[in-house]
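Hi there,

Here is the structure I promised to pass along.

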Amino acid sequence: MSPAALEAQGRRGRQPEFAENVPYDGRLTFVRIKYTMPDFGGFRGRDLPWSHDYPRGERHFTKIVSEITSARVRTAESNIITLDDPQLGKYPIAYMAEAGFWVPNDAETLGMRRYLSKGGFMVFDDFAGDAWRNFEAQMRKVLPDLRPIELTVDHPIFDSFYRIKSLDYYHPYYRMKSVFYGYFEGNDPKKRMLAIVNYNNDLSEYWEFSDQGMFPLDMSNESYKLGVNYIVYALTR
């Protein structure tokens with residue numbers, strides 16, 4: 001197992017210390033979606049999949065966004081919000097880790113549907129393999145009329161800030177080839193994208209360890225490029 005994988009494995013099962021949310025002030029704030037860990041046959045581990053890479057992933061990423069774009073960005077704080085919290089509607093972009101463990105209740109399902117229909121943009125990250133089955137099933141509950149559409153490199157989201165020339169990305173540990181999906185209004189890729197899905201990938205893992213040399217520099221840089229493109233696309237479309 002690689003050193004990076006061993007480090008990540010060591011973090012699993014430990015709950016990080018969560019900072020209090022900061023009030024909305026108009027600046028771009030990284031919002032992480034919190035969900036309840038399902039009970040698997042009477043066992044619920046201490047690990048909180050929705051919190052993976054917190055807070056280093058978002059801290060590093062927001063510093064990059066602040067440095068290279070004109071967006072006003074919070075770089076020292078981020079928020080953790082549930083899908084049924086009315087405060088979510090104040091923030092144009094939200095991030096969810098490990099959607100393979102995500103099983104929203106009725107209020108959360110309705111909350112996400114409203115958020116996306118009113119202009120919100122969701123980034124799904126950090127899940128791979130069989131986790132797709134649960135993710136797709138939950139999204140059918142949220143958006144029953146929409147389906148995930150595989151993206152190609154010519155979609156505008158890959159040219160919104162950086163020009164991404166290839167989608168040959170891989171999961172940092174499993175080496176599965178990444179696939180990128182979008183959910184669109186009316187299932188039409190020419191219309192507004194409501195959510196982007198980084199399947200077989202973990203952009204935030206690269207962000208978290210980008211200052212420790214645990215992954216090749218070009219892999220970390222490419223992950224930052226994708227994240228920046230998502231932000232710029234969501235704020236300008």
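Gly 26 sits in the loop between helix 1 (3-11) and strand 1 (31-34); helices (H or I, at least four residues) and strands (E, at least two) are DSSP runs, numbered from the N terminus. Gly 26 counts as partly exposed because its relative accessibility is 39%, where buried is under 20%, exposed over 50% and partly exposed in between (1.4 Å probe, protein chains only).

This is a predicted model, so local features need pLDDT of at least 70 and side-chain atom pairs pLDDT 80 or more, while totals for chains, interfaces and linings use all residues. Residues are numbered from 1 along each chain as its sequence is written, and side-chain values use heavy atoms, without hydrogens and water.

Now the cavity search. On a 1 Å grid over the protein atoms alone, a cavity is a set of points where a 1.4 Å probe fits but cannot get out, and a pocket is an open set with protein on both sides within 12 Å along at least five of seven lines; lining residues have an atom within 4 Å of a point. Points are joined across faces, edges and corners, and a volume is the space filled by probe spheres set on them.

The count is 1 cavity of 30 Å³ or more. The largest cavity has a volume of about 180 Å³. Its lining has 16 residues, and Phe 30, Phe 61, Ile 93, Tyr 95 and Ile 231 are the closest to its centre. Helix 2 (56-68), strand 3 (93-97) and helix 6 each give two or more residues to that lining.

The second largest pocket holds about 260 Å³ of space. Among its 15 lining residues, Asp 168, Tyr 169, Asp 218, Met 219 and Glu 222 are the closest to the centre.

Best wishes
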